[in-house]
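Colleague: Hello! Could you walk me through this model, one step at a time?

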Amino acid sequence: MNPIGSASVEARIESIYRSESRRVFATLIRLLGDFEQAEEAMQEAFALAAEQWPQAGVPDKPRAWLVSTARHKGIDRMRRNSRWAEIARELAADGSQAVGPGPEDDPVVEDDLLRLIFTCCHPALAREAQVALTLREVCGLTTEEVARAFLTAVPTMAQRIVRAKHKIRDAGIPFELPEARDLPQRLEAVLHVVYLVFNEGYAASAGETLTRPRLCSEALRLGRLLVRLAPDAETRGLLGLMLLHDARRATRIDEAGDIVLLEHQDRSRWDREQIAEGVLLVEQALATRQWGPYSVQGAIAALHAESPSWEATDWPQIVELYRVLMRIAPSPVVELNLAAAIAMRDGPQAGLDRVEAILERDELTDFFPAHATRAELLARLGENRAARDAWQRALALTEQEPQQRLVRRRLDSLQS
């Protein structure tokens, strides 16, 4: 035990909760076999820690203490509930499941997190449920935060999460890593969910801030775990892509919290060590010649990250990479990005024609970036009245305050 002041202990417990609660929770699901039982047991263990540690001191291995305490609390609660009594007896008798005082970075604990990811992303669950459950249970967001990320009412999101947990329980979905033969199929869904988590952290869908660093950090941590489990091209490509984007996260807003566009960012403040790691991962992915959407997006991000300036950006190569992406993973969003790159290579009219063609097909009509891109291109062509209309449409489509302020600045500049 490490005896320290009560205020320091309280701060230490809060720090441990932020850094360890998801690992503790994942291990408890393995030990207790149920989401709700694991959550309640973990909360009881942290409550007991807040009560005991100020007097007794923080254990040398707090995670092991929390898991062991929570496991006993969970078994005791199951014993009081006839529905769980038999399971509780089995758990109590199975000493092999207990967590001993091993090292805090025990790889078994990290495997528990991977098991939890694959459980939350099981193909029996709908994709929306997979993402919601991962955000809630793997990343530790509150139901309110998950609902905000989906622009969904809190009661609706709470029901969705509860139904997903019940489906896992009732269908007997095992808390385990998939067999090697099933890994490729299962991995695709997991990579997609991790990327969605990162995107919500990198460009929040709503709220007062542009980014949510905690989500970015969680997605990077999960990406590293997945590379360890399955170091194939797309897993490396996804981690490289996220690292390259995250390397410039700090420069995407100014001191007032306003958006700083890529062309105006201070590249000297980009994290060069992280860029080097991301570029290496993308190069390893591309070297396999088994290109997937994350590898190609990573290559595009690497071109931006390694360019010494906005003016020196290799737009012709970026255009070609977006064409590759359209062949292997076509979507209106990829087509929009291709149009923006063509505008940089060939001029605003060439890009605008493509953007308007997308919107004329009733695709991306409610997508903020589509109207923001159209507005920028119209302004570059001197079509100020049409640009104002496009910005007004974009303003109506965003609930993110930094984006709203950016649009208003654009409208003010056109008015003046």
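This is a predicted model: local features need pLDDT of at least 70, side-chain atom pairs count only at pLDDT 80 or more; totals for chains, interfaces and linings use all residues.

Colleague: Is aspartate 362 buried or exposed?

Modeller: A residue counts as exposed when its relative accessible area is over 50%. Aspartate 362 has 63% relative accessibility, so it counts as exposed.

Colleague: What is phi of aspartate 362 near?

Modeller: Here is some background: most residues other than glycine have a negative phi. Aspartate 362 is a residue other than glycine with a positive value, and its phi is near 60 degrees.

Colleague: Leucine 364 lies in the loop between helix 16 and helix 17 too. Is leucine 364 buried or exposed?

Modeller: The cut-off for buried is under 20% relative accessible area. Leucine 364 also has a positive phi, near 65 degrees. Its relative accessible area is 16%, so leucine 364 is buried.

Colleague: Now to the helices. How are helix 17 and helix 18 oriented to each other?

Modeller: Two packed helices are described by the angle between their axes and the distance between the axes. The axes of helix 17 (residues 368-380) and helix 18 (residues 384-396) come within 8 Å and cross at roughly 165 degrees. Angles over 145 degrees count as roughly antiparallel. Helix 17 and helix 18 are therefore roughly antiparallel.

Colleague: How many nonpolar residues are in the contact of helix 17 with helix 18?

Modeller: Helix 17 brings residues including Phe368, Ala372 and Leu378, and they meet a set in helix 18 that includes Ala387, Ala390 and Trp391. Besides two polar and three charged residues, the contact of helix 17 with helix 18 has nonpolar residues numbering 10.

Colleague: What is the handedness of the crossing of helix 6 and helix 9?

Modeller: Among the residues that make the contact are Val131 and Leu135 of helix 6, with Val193 and Leu196 of helix 9. The crossing of helix 6 and helix 9 is right-handed.

Colleague: Which residue has its C-alpha atom 7.1 Å from that of histidine 122?

Modeller: Histidine 122 is in the loop between helix 5 (107-120) and helix 6, and at 18% relative accessibility it counts as buried. Leaving aside neighbours within four places in sequence, histidine 122 is in contact with Gln130, Ile173 and Arg186. The residue with that C-alpha separation is 64 residues apart from histidine 122 along the chain, and it is arginine 186.

Colleague: Which residues is aspartate 258 in contact with, leaving aside its neighbours within four places in sequence?

Modeller: Aspartate 258 lies in the loop between helix 11 (233-246) and helix 12 (272-287). At 16% relative accessibility, aspartate 258 counts as buried. With those neighbours left aside, its contacts are Arg252, Ile253, Arg405 and Arg409.

Colleague: Finally, the whole chain. What percentage of its residues count as buried?

Modeller: The secondary structure of the chain comes to 19 helices and two strands. The chain exposes about 19,500 Å², with carbon and sulfur atoms supplying 49% of that area. Of the 416 residues of the chain, the share that counts as buried is 51%.

Methods: Residues are numbered from 1 along each chain as its sequence is written. Side-chain values use heavy atoms; hydrogens and water are left out. A crossing is left-handed if the near helix is turned anticlockwise from the far one by less than a right angle, and right-handed if clockwise. Helices (H or I, at least four residues) and strands (E, at least two) are DSSP runs, numbered from the N terminus. Contact means heavy atoms within 4.5 Å. Buried means under 20% relative accessible area, exposed over 50%, partly exposed in between (1.4 Å probe, protein chains only). Accessible areas come from the Shrake-Rupley method with a 1.4 Å probe; for residues, only the protein chains shown count as cover. Axes are lines fitted to C-alpha atoms, for helices over the stretch in contact, and angles run from 0 to 180 degrees between N-to-C directions. Angles under 35 degrees count as roughly parallel, over 145 as roughly antiparallel, 65 to 115 as roughly perpendicular and the rest as oblique. Ala, Val, Leu, Ile, Met, Phe, Trp, Tyr, Cys and Pro count as nonpolar, Asp, Glu, Lys and Arg as charged, and the others, Gly among them, as polar.
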